[in-house]
There are 2 protein chains.
Amino acid sequence: MAEVLTIGEVAERAGLAASAIRFYERRGLVTAAREANGQRRFRRDVLRRLAFIRVAQRVGLSLEEIGEALAGLPSDRAPTAAQWQRLSSSWRGRLDERIALLEGLRDNLSSCIGCGCLSLRRCWLANPDDAAAGLGPGPRFLLGDREEDVVAG
Amino acid sequence: MAEVLTIGEVAERAGLAASAIRFYERRGLVTAAREANGQRRFRRDVLRRLAFIRVAQRVGLSLEEIGEALAGLPSDRAPTAAQWQRLSSSWRGRLDERIALLEGLRDNLSSCIGCGCLSLRRCWLANPDDAAAGLGPGPRFLLGDREEDVVAG
DNA sequence: GTAAGGGTTAAACTTTGGTTTAAGTCAAGG
DNA sequence: CCTTGACTTAAACCAAAGTTTAACCCTTAC
């Protein structure tokens with residue numbers, strides 16, 4: 001197994017397009033040494049960095065946020081397992097919030113869609129700015145089909 | 001309360017920018033009659049349509065998908081509560097899947113990030129194509145920091 | 001020697017979901 | 001009469017996350 005990897009090898013192993021990896025390099029998310037001929041040579045730990053990026057994206061982070069997180073890692077050597085874990089531990093709260101939001105959405109859908117409150121700017125379902133609201137009882141406007149009652153004002 | 005609404009009134013009540021409402025009209029998500037002078041006049045039930053659109057977006061649907069869903073509704077009169085509910089009932093499965101995915105992500109993060117498997121194309125965490133996998137036990141590669149072990153092959 | 005199969009770059013293009021801008025119409029108020 | 005505010009349009013613009021294209025360089029194989 002080679003000490004360093006070409007971009008093609010990285011792409012193959014990471015399951016990404018080479019263009020994406022170049023794009024990440026431009027964004028500063030990964031770094032590469034260069035051969036005399038200008039070709040990139042990646043240290044093997046770039047694979048874990050790329051995997052981290054993918055997972056972070058699924059958690060809902062933008063590349064910019066991911067870049068900020070990665071900036072705290074050493075760029076000259078592979079981070080330790082503990083360093084990776086510290087980074088990802090901050091995702092927990094974010095995931096909990098998003099889960100609560102989706103659960104609230106799911107649990108209030110059947111009672112809320114079709115009811116008058118769906119027209120309302122005040123309806124939690126349409127405006128779940130407050131993640132905690134997802135845990136509450138949800139809207140209670142089961143008023144039939146007349147919008148005036150709830151939209152008025 | 002007016003029978004029909006101007007775009008400004010709709011924007012105000014729906015909590016959207018007028019530009020967004022025009023955009024939705026171009027996309028065929030809402031319709032409007034026109035005055036002699038060319039100004040849009042919206043029936044009041046557009047408010048519920050807009051609320052539906054917002055909720056559908058939060059569920060993760062694209063405007064195109066939302067448009068397809070809305071295409072099944074009558075455009076000449078307000079849909080009934082039952083019609084709205086039928087549309088949204090199909091979201092349930094999608095929400096369940098996404099919730100399971102996020103829960104899997106959350107529950108496997110601490111054990112998986114930092115471990116060797118994160119470099120792997122095979123790692124569930126980095127590739128949760130299979131939503132059901134989120135319910136399973138997750139990766140079991142708690143191998144320390146040597147990537148060769150898991151990346152090789 | 002020439003073709004194939006990597007690699008390089010900058011720049012243009014793509015998609016989604018809108019917003020912004022420029023230029024114009026219209027009605028009401030002072 | 002003139003300004004103000006709300007409306008109209010088409011077209012340009014934006015951000016994110018990449019992909020595609022065009023032109024070029026190397027190395028290896030035949």
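**Core, sheet and DNA-facing surfaces of the predicted model**

Beyond its neighbours within four places in sequence, A:Ile53 is in contact with A:Tyr24, A:Leu29 and A:Ile66 (contact: C-beta atoms, placed from the backbone, within 7 Å). The structure is a predicted model, in which local features need pLDDT of at least 70, side-chain atom pairs count only at pLDDT 80 or more, and totals for chains, interfaces and linings use all residues. Residues are numbered from 1 along each chain as its sequence is written, while chains are lettered from A and ligands numbered from 1 in the order in which they are written.

A:Ile53 belongs to the largest nonpolar core, of 58 residues. A:Val10, A:Leu50, A:Ile53, B:Val10, B:Leu50 and B:Ile53 touch the most other members. Such a core is a set of buried Ala, Val, Leu, Ile, Met, Phe, Trp, Tyr and Cys residues joined through C-beta atoms within 7 Å. Buried means that 20 or more other C-beta atoms lie within 10 Å of the residue's own, with C-beta atoms placed from the backbone.

DNA strand D is surrounded by 16 residues (near: C-beta atom, placed from the backbone, within 6 Å). The closest are A:Ser19, A:Leu63, B:Thr6, B:Gly8 and B:Arg40. Two or more residues each come from α2 (18–26) and α4 (63–71) of chain A and from α1 (7–14) and α2 (18–26) of chain B. Helices (H or I, at least four residues) and strands (E, at least two) are DSSP runs, numbered from the N terminus. The largest share, 3 residues, comes from α2(A).

DNA strand C has 17 surrounding residues. A:Gly8, A:Arg40, B:Ser19, B:Ala20 and B:Leu63 are the closest. Here α2(B) gives the most, with 3 residues.

Chain B holds an open sheet of 3 strands in the order β1-β3-β2, with antiparallel pairing (at least two DSSP bridges between two strands). β1 (4–5) and β2 (33–34) of chain B stand at the edges with a single partner strand each, so one side of each is left without a neighbour in the sheet. β1(B) is joined by 2 bridges to β3 (residues 40–43) of chain B, and the two run antiparallel. B:Val4 stands opposite B:Arg43 in β3(B).

Chain A has a mean pLDDT of 80 (the predictor's confidence in each residue, from 0 to 100). In this chain, 75% of residues reach 70 or more. Over residues 131–153 of chain A, pLDDT is below 50. This stretch has 57 contacts in the model beyond near neighbours in sequence. Among the elements of chain A, α2(A) has the highest mean pLDDT (98) and α7 (residues 148–151) the lowest (40).

Key:
Buried ≥ 20, exposed ≤ 12 C-beta atoms within 10 Å, placed from the backbone. Contact = placed C-beta atoms within 7 Å.
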